[in-house]
Structure formats: structure tokens, C-alpha cells
Amino acid sequence: MNKYLASIKKGFKPVAVFAHNLNKKPGFRSLVAGILSVVIGIFCGFLVMLCLAPQYAGQGLWTLISTGFSTPQLFGRAVYKATPMILSGLAIAFAFKLNLFNIGITGQVTIGAFSSITCGLAGANWFVCMLVGMITGAVAGFIPGFLKAKFNVNEVLSGIMLNWVIYYIIGIIGRMALPSSFKDIATPSELRMIPEAARMPSLGIPNMEGVSIGLIIAIVIVIIVFIVLNKTKFGFELQMTGRNRHASNYAGVNQTKSIILALTISGALAGLCGYMLYAEPGTPSKFVWDSSSNTLLTDGFNGISVSLIAQNSPFGCIFSSLLLTLISAAQNSLRTISGGAYNIHYTELIKNVVIYIAALSSFFVMILGKLNEKNDNLEYFNRDKKVVEQKEAK
């Protein structure tokens, strides 16, 4: 029996060594922590289903997981909605690398959407509209970055104030300078639908018309950001400054330049997100320019959730944004199978639980790191013990 157990242990040793070496990589620990957060969050949602209507809980859990993949139309819709969320999450993650919280992202998304749509209504094509959205978003990101770098103004405070400044300036422009031909005839508080020439070109995937070239652009940007952060001097300086500002200053890093560039790039990504929100190839939504409703676009704030679940990983933003849109895709199906017991607010609860659990992902990363250190210490102890035994035997 002991020989049998010893052979099993010996067979699993290469797997254990591989897992141990893999666990040494911070990216792997972040991935595992994110998966744990999602699994725990969905399990908590299942517990809520048991409390609300236990007879539908099992079917509800399966519906929650599988609905987004059930038809090409639903999956295509989820991918389309996830595309701008990838960019908003990436904008937050990029600023986080410098230990900056770009809470002004919703204003950057708003100005990017408004400027790109008006540019399209003026006759520009989709590429020009995209560039205009990025530039205006970058300008909106530059302002809090400049204030932070030059005058040490807290970026959270300046970002929140700038959100409302942008929102009401758009309302003033809409009332005083926006041509009537740009406004919707039935609802003058909205812009007209962006012209077809100004929309993102569709990839032409059957039954997934909403999936546009924006998905390819978002993935390319993710790859570029990953390379910049991990393979360039600029990226190293950004992360070094984020970890220890005093050490980076001692090393000669230009912190003023890093802060301004980080929030400017973050704003450009947010502005691009704003354009994509209203540039669907099929039937895009309309932008409300009238500020009398006193509400801000929530799409920018969704980026915080995406980045949090992704542990600020550029590639993780792709999967976390898709996760949130797939959960949203199950809203109608959950309400139908439960006779209304699991309403639309339930799926929002599920997403919020996942997000809150994701806030503990850093704790999971720490646990995995401690486990790795423990295994290293045990390995060194066994090695030293073996050396001592060999010396005693001689």
C-alpha cells in the first residue's frame, strides 16, 4: 500500500512542481484570484436564488451561466456591449498602474461620445469620428493630470468636478450652438442617430451583426498597452512610480511627465469608449445632450468594475467585461423561468456581488503568494536536511 501511494506521489510530483513554478508568476496569481472571485460571486448569487425562489434555483444558475452562449444573436450582443467596456476598464487600469484613480472617466466618455457623434452628423466618416472622440477624451484626461502633476490637486476631486463641468457644458452647447438639424425631431433633447458612414463597420459575422471592427481595435489596443507597460522604459517608469514615488524620483524618473501622460492616455481610451457606445453598425442608441435630467453616463463607471475584476490586467479586461455583459444577457431569461421572482434587479445584484468579491482578489493574490513562499521555504528546508544527512552518512 505504501509503495502504491509512493508511486502516485512520485507521478504527481512533476505536476506539483509545474503548479508551484507557475504560482511564482504574479500574472498567474492574478488570474487565479480573478477566477476565484467570479466563482464565489456566482455562488453567492445562487444562494440569493435559493432564498428568493428555491424551486427555480438550479435552473436559474444554469440560465445565468449559459444564456449568453445560447444563440449567436445573444452572444454577439454581449460581445458588442463588452467592446466599449474593455476600453473603459483599460483606461482605469492604465491610470491605476501609476496609482492614480481616474474617476473623471465618465466625463471623458461623455465628451468623447458627444464630439464624435456631432462630427459624424457634420459628415465625417467613422475613422475621423473615432479620432475626434479619442482627442477630446485625451484633453479631458489631460486637465486633471496637469493639475495633479503641477499643483498636486487630488485627481479624484478634480475628476469628479470635471465630470459635471463637461456635462453642463454639453448642455449649454446643445441649447446655444447645436444646429437644429443635429437634434432628433421627436425628442429635441437627443442628438440624431449617428449616420451610417460614421458607424463602426460590421465584421459581417452571420447572426452577429452588432460585432464590429471596434472589437479588433479594442484587442489591438489591449496588446499595445500590455507591451507598453511591460516591455518599454516608459511602462517601467509608470509602474515604478506607482509602486514607490520616492524611489522613482530618486532614480531620476520625470514624474510630472508620467502623471500627465498616464491620465491623458487614460482619457483617450475613455473617449474612444464613448464613440463606440453610440456607433453600433445596426441601430445605435441616441445621445441625450440636455443636462436637465441631472444624470451622468454610467458607462464610464463600469470601467472601474471591469478593471477591479481584471486586477488591472490589460488582457483581463477583455474577459471581465465579457463576463459582466454575459450576466446581463441572462436578465430576461431569468425573469421568464422564475415567473418574475428573479427580476432585472437580481442580475444587477449578481454583478455587484461579483464586483465586491473581486475587491478581495488582492487578498487571494496575497494568500497564493504566501503559499508559494511556504512551499519555497519547505523546499529549501528539505534540501538542507538532505545535505546534512549526506554529510553525516560520510
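## Helix H6

In helix H6, the buried residues are Cys-129, Met-130, Gly-133, Gly-137, Ala-138, Ala-140, Gly-141, Pro-144, Gly-145, Lys-148 and Ala-149. This comes from a predicted model. What do the buried residues of H6 pack against? Their partners are five helices, listed here with their residues: H5 (105–121), H7 (155–176), H8 (213–231), H10 (245–250) and H11 (255–277).

H6 itself runs over residues 126–151. That makes 26 residues. From the first C-alpha to the last, H6 reaches 38 Å. The expected span, at 1.5 Å a residue, is 38 Å, and H6 comes close to that.

## The whole protein

How many helices and strands does the protein have? There are 16 helices and zero strands. The protein has 394 residues, and 46% of them count as buried.

Now take the contacts between residues at least 6 apart in sequence. Of these, 77% join residues at least 24 apart.

## Aromatic pairs

The structure holds eleven aromatic pairs. One of them joins Trp-126 and Phe-127. Their ring centres are 5.8 Å apart, and their planes stand at 85 degrees. An angle over 60 degrees counts as edge-to-face, so this pair is edge-to-face. Is Phe-127 buried, exposed or partly exposed? Its relative accessibility is 43%, so Phe-127 counts as partly exposed. The limits for that class are 20% and 50%.

Tyr-278 and Phe-287 form another pair. Here the ring centres lie 5.5 Å apart. The planes are at 75 degrees, so this pair is edge-to-face too. Tyr-278 has 8% relative accessibility and therefore counts as buried. Phe-287 is buried as well, with a relative accessible area of 2%. Both values are under the 20% cut-off for buried residues. Ring pairs also bring in Phe-114, linking Phe-114, Tyr-278 and Phe-287 into a cluster.

## The cavity

A search of the whole structure finds one cavity of 30 Å³ or more. How much space lies in the largest cavity? The volume is about 40 Å³.

Which residues line the largest cavity? They are Tyr-80, Thr-83, Pro-84, Met-200, Ser-212, Met-276 and Ala-279. Helix H4 (residues 72–96) gives the most to this lining, with three residues. By class, the lining has five nonpolar residues and two polar ones. It has no charged residues.

Key: Residues are numbered from 1 along each chain as its sequence is written. This is a predicted model: local features need pLDDT of at least 70, side-chain atom pairs count only at pLDDT 80 or more; totals for chains, interfaces and linings use all residues. Side-chain values use heavy atoms; hydrogens and water are left out. On a 1 Å grid over the protein atoms alone, a cavity is a set of points where a 1.4 Å probe fits but cannot get out, and a pocket is an open set with protein on both sides within 12 Å along at least five of seven lines; lining residues have an atom within 4 Å of a point. Grid points are joined across faces, edges and corners, and a volume is the space filled by probe spheres set on the points. Helices (H or I, at least four residues) and strands (E, at least two) are DSSP runs, numbered from the N terminus. Ala, Val, Leu, Ile, Met, Phe, Trp, Tyr, Cys and Pro count as nonpolar, Asp, Glu, Lys and Arg as charged, and the others, Gly among them, as polar. Rings of Phe, Tyr and Trp (its six-membered ring) pair if their centres lie within 6.5 Å; planes under 30 degrees apart count as stacked, over 60 as edge-to-face and the rest as tilted. Buried means under 20% relative accessible area, exposed over 50%, partly exposed in between (1.4 Å probe, protein chains only). The expected span of a helix is 1.5 Å times one less than its number of residues. Contact means heavy atoms within 4.5 Å.
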